[in-house]
Amino acid sequence: MIEIRNLKKYFPIKGGFFNKQYGEVKAVENVSFKIPEGEILGLVGESGSGKTTLGRSIIRLIEPSNGKIFYNNKNIIKFKEKEMRELRKDFQIIFQDPFASLDPRKKVFDIISQGLKIHTKMNKEEIYEKVKTIINDVGLQEEHLKRYPHEFSGGQRQRIGIARALVLDPKFIIADEPVSALDVTIQAQILNLILELKEKYSLTILFISHDLSVINQIADRVMVMYLGHMVEIASTKKLFSNPRHPYTRSLIETAPQIFRKDKKKIILKGDIPSPINPPSGCVFRTRCPNPSHDCKHGNIEMGLIEVSPEHWVDQCCVNCN
């Protein structure tokens, strides 16, 4: 359903009296991947790795700097404003903060029904019936439609956000850390809800999260990003059982767990470099636990190779231990 080819997103840095550009933030750098219909692709990485920027660029909430975005074999990067407006009902997003993403001045019915009023020709009765069906599907009651967002708990507000995303019967959803602001028990409820709705509405989902336990529970495949680059992608089972990139291994081994066998962990030193001036060659070399001579001198270019069926790893780091 979705295919991304060599996607890039740079943000210009301007300043001075004439507001001239003197640099750029390389948020997403030459990313390519596919999301088959009906799949949940998990996207993980540290803060600043470009996850949210990539997600919003795919549905053109942020305009990409370069690359191609294919939706059902059509390159939507070439679509004009009118064409994208018609396509918007197929693309929806669930935001991280369920309170900030809801208009506090509007009642729940008005929040959920807004998309129907813009993109459809339904009458008032049809709109109400549609909204009532959706609100029941996400686990809320019809009486909740008359309330304001501040009258709900965090989990209930996220259910409202999910209902708003589903009301137009979208085909593709960006879930941008939808459970990170919720309690653990509520997280489990929302994740189970997303899985149920994915089956009921035949959804394709890009699920963004920094919580590997969440990704392990919900995703069919996992893609790992580091400083705007894709460094590893594989099925969830393969990636968690046999991570090949040292960054992926570090993320998995340092993830909080209640029970853990005693073993030496790969703990990365330092912080993620600035995307304004990323390291030359392999961008991971400044934090790699075992960089090669070529890595240190920036003589290797980033790029994925297939190390086993449907398991792709950055060619520079595939042999790093």
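The radius of gyration used here is taken over C-alpha atoms, and the globule rule is 2.2 Å times the number of residues to the power 0.38. By that rule, 321 residues in a compact globule would give a value near 20 Å, and the protein chain agrees because its own radius of gyration is 21 Å. Please keep in mind that this is a predicted model, where local features need pLDDT of at least 70, side-chain atom pairs count only at pLDDT 80 or more, and totals for chains, interfaces and linings use all residues. Residues are numbered from 1 along each chain as its sequence is written, and side-chain values use heavy atoms, with hydrogens and water left out.

**Overall build**
- The protein chain holds ten helices and twelve strands; helices (H or I, at least four residues) and strands (E, at least two) are DSSP runs, numbered from the N terminus.
- Along the principal axes, the C-alpha atoms of the protein chain fill a box of roughly 70 × 55 × 40 Å.
- Contacts (heavy atoms within 4.5 Å) with a separation of 6 or more come 64% from residues 24 or more positions apart.

**Surface and charge**
- Of the 321 residues, 48% are buried, where buried means under 20% relative accessible area, exposed over 50% and partly exposed in between (1.4 Å probe, protein chains only).
- The chain carries 48 positive and 38 negative charges, whose mean positions lie 3 Å apart. Lys and Arg count as positive and Asp and Glu as negative, while His and the chain ends are not counted; each charge is placed at NZ of Lys, CZ of Arg, CG of Asp or CD of Glu.

- Strand β7 (residues 172-176) is largely enclosed by the rest of the structure, because five of its five residues are buried.
- Phe172, Ile174 and Asp176 are buried on one side of β7, and Ile173 and Ala175 are buried on the other.
- Strands pair here if DSSP finds at least two bridges between them. Strand β6 (residues 91-94) runs parallel to β7 over four bridges, with Gln92 opposite Ile173.
- Strand β8 (residues 204-208) is joined to β7 by five bridges, also in the parallel sense, and Leu206 is the bridge partner of Ile174.

**The antiparallel strands around β12**
- Strand β12 (residues 311-314) is joined to β10 (residues 229-235) by two antiparallel bridges, and Glu232 stands opposite Val313.
- Strand β11 (residues 304-308) pairs antiparallel with β12 over four bridges; here Ile305 has Val313 as its bridge partner.
- Two residues lie between the strands in the hairpin of β11 and β12, where Glu310 takes a positive phi near 60°.
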